[in-house]
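Have the structure open as you read.

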Amino acid sequence: MNVARKKIVLVGAPVDDGAGQKGCLMGPDAFRTAGLLEQLKALGHDVLDHGNLQRADVGALQAPNSVLKNFRSYAGWTRALHAKSHELGLQSVFPIYLGGDHAMAAGTVSGHARAAAERGRPLFILWLDAHSDFHTFDSTDSGNLHGTPLAFACGLPGFDGLLGEPLQHPLSPENVEILGVRSIDTAEREMLLSQGVGVSDMRRIDEEGIGSLLKPFLDRVRAVNGLLHVSLDVDFLDPEIAPAVGTTVPGGATFREAHLVMEMLHDSGLVTSLDLVELNPFLDDRGKTARLMVDLTGSLFGRRVFDRPTRSF
């Protein structure tokens, strides 16, 4: 296989308090059990596992809104992951963050945005998800904080206290592309439109094809020498092939659509960091979802169709 060798760093983020259903804290070890490290090494990459991160102590921090669930835990994970991703974002490594629910992206995305700014390059985000996760603390009705990380990273108001310091390097909303979405609340829809975030729902994918939608975004990243962080949520995939998620939404990406995205991302050479989130092994079928997510990661790192062994999912 003609694969450019990368120095990959695995970071476990057993974040379990942002979602409504427990179990995502087992995600990092499920990815390891499913052979992520071994597959990446077999593709010719150097891989170092930093183990599981610990959340930061935030003391007696109070939630700004009584509806918010597990706010102190969210803040602790955001601060720990922000610091870690900022550190790794300044190094010549490719970090993979093993979740953990999607609340973890508040830390990973904001940390990489800070590192990108210090490197003098723009950061772009490809958000592969059934949901837009663009609620603020004031707009969320459920109080489940895995629905807020992208709004925080884009610098929307109302997140004071989360990071423990002002967010000095927010993402430009125009540099965010949400692909595969099929569940957006009214408040999120209004904010996404007003902020100029790119959104391609499943109907648009059906009509135009997922490759045709991804290519112009990659062209934009390449044109400005951008860094690209990919945040892959299990519920981007159709629950028929990926059941291990607490927020299943029918009609997700197919096996081949998901692999095509990953193959195109590999071919582009633009991706610099990755989240793997919302894997809940408690809901899985004999490791089916974990193995599929590992297989998709393999496609991102150079595995071709001809190299893929026959496997029953």
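## The nonpolar cores

A nonpolar core here is a set of buried Ala, Val, Leu, Ile, Met, Phe, Trp, Tyr and Cys residues joined through side-chain atoms within 4.5 Å. Buried means under 20% relative accessible area, exposed over 50%, and partly exposed in between, using a 1.4 Å probe and protein chains only. This is a predicted model, where local features need pLDDT of at least 70 and side-chain atom pairs count only at pLDDT 80 or more, while totals for chains, interfaces and linings use all residues. Residues are numbered from 1 along each chain as its sequence is written, and side-chain values use heavy atoms, with hydrogens and water left out.

The largest core has 50 residues, and Ile-96, Leu-126, Leu-228 and Leu-265 are the ones touching the most other members. Take Leu-265: setting aside neighbours within four places in sequence, its contacts (heavy atoms within 4.5 Å) are Leu-126, Leu-218, Leu-228, Val-230, Leu-270, Val-271 and Leu-300. Another core, of 46 residues, lies apart from that one and includes Leu-81, Leu-88, Ile-125 and Leu-150.

## Where α9 crosses α10

Helices (H or I, at least four residues) and strands (E, at least two) are DSSP runs, numbered from the N terminus. Helix α9 (residues 255–268) and helix α10 (residues 288–300) have axes that come within 7 Å and cross at roughly 35°. Those axes are lines fitted to C-alpha atoms, for helices over the stretch in contact, with angles running from 0 to 180 degrees between N-to-C directions.

On the α9 side, the residues involved are Phe-255, Ala-258, His-259, Met-262, Glu-263, Leu-265 and His-266; α10 brings Leu-292, Asp-295, Leu-296, Ser-299 and Leu-300.

## Two serines

Ser-273 sits in strand β8 (residues 271–277). Is it buried or exposed? Buried, because its relative accessible area is 0%. Its side chain makes a polar contact of 2.7 Å with that of His-229. (A polar contact is a pair of N or O atoms within 3.5 Å; within protein, one must be able to donate a hydrogen and the other to accept it, and residues adjacent in sequence count only if both atoms are side-chain atoms.) Beyond four places in sequence, Ser-273 touches Phe-94, Pro-95, His-112, Leu-228, His-229 and Val-230.

Ser-73 belongs to helix α3 (residues 71–89) and counts as buried because its relative accessibility is 7%. The Ser-73 side chain has a polar contact with the side chain of Asp-17, at 2.6 Å.
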